[in-house]
Amino acid sequence: MSRPGHAWSRPPPSSTEEDEEAEDPLDAMIARTGCAAQHRELQECMAERQDWRRCQAQVRAFGECMARQQRPRAP
C-alpha cells in the first residue's frame with residue numbers, strides 16, 4: 001500500500017553565499033545608466049566617512065550623471 005501524503009518536496013532554501021552572489025536589482029539598474037563608477041565612489045566615501053555631508057563631491061557627481069542619463073535625447 002502507498003503511504004499517505006504527497007510525492008513532492010520543497011527545494012532547499014538558498015544559501016547565504018548564493019544570496020550574496022545574486023546581483024542586486026538596484027546595482028543592475030545603476031549599471032544600465034552608465035553611472036556605476038560614480039555610484040561606487042559615493043558608496044566608498046560613505047563607507048569610509050560615515051557621513052553623506054562629507055561626500056558632497058561624490059553626491060554631486062552621481063546626481064549629475066543620473067540627470068544626464070534622464071534627459072531626453074534629440075533624434
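Are C45 and C55 buried or exposed? Select the two cysteines in this predicted model and take a look: C45 is buried, and C55 is buried too.

While they are highlighted, show the sulfur atoms. A disulfide joins C45 to C55, with 2.0 Å from S to S. The torsion about that S-S bond is -90°, and the link is left-handed. It ties together distant parts of the chain, with C45 in helix α3 and C55 in the loop between α3 and α4, 10 residues apart.

Next, pick C35 and C65. Their sulfur atoms lie 2.0 Å apart and form a disulfide. This pair spans 30 residues, from C35 in the loop between α2 and α3 to C65 in helix α4. Here the S-S torsion is about -90°, so this disulfide is left-handed. C35 has a relative accessible area of 0% and is buried; C65, at 2%, is buried as well. The count of disulfides comes to two, and numbering the bonded cysteines in sequence order gives the pairing 1-4, 2-3.

For a last stop, select H39 in helix α3. H39 counts as buried because its relative accessibility is 12%, under the 20% cut-off. Leaving aside neighbours within four places in sequence, H39 is in contact with D27, I30 and F62.

How values were computed: Residues numbered from 1 in each chain as written. Predicted model: local features only at pLDDT ≥ 70, side-chain atom pairs only at ≥ 80, totals over all residues. Heavy atoms only, no water. Helix = DSSP H or I, 4+ residues; strand = E, 2+ residues; numbered from the N terminus. Buried < 20%, exposed > 50% of the residue type's maximum accessible area, 1.4 Å probe, protein only. Contact = heavy atoms within 4.5 Å. Disulfide = S-S within 2.5 Å.
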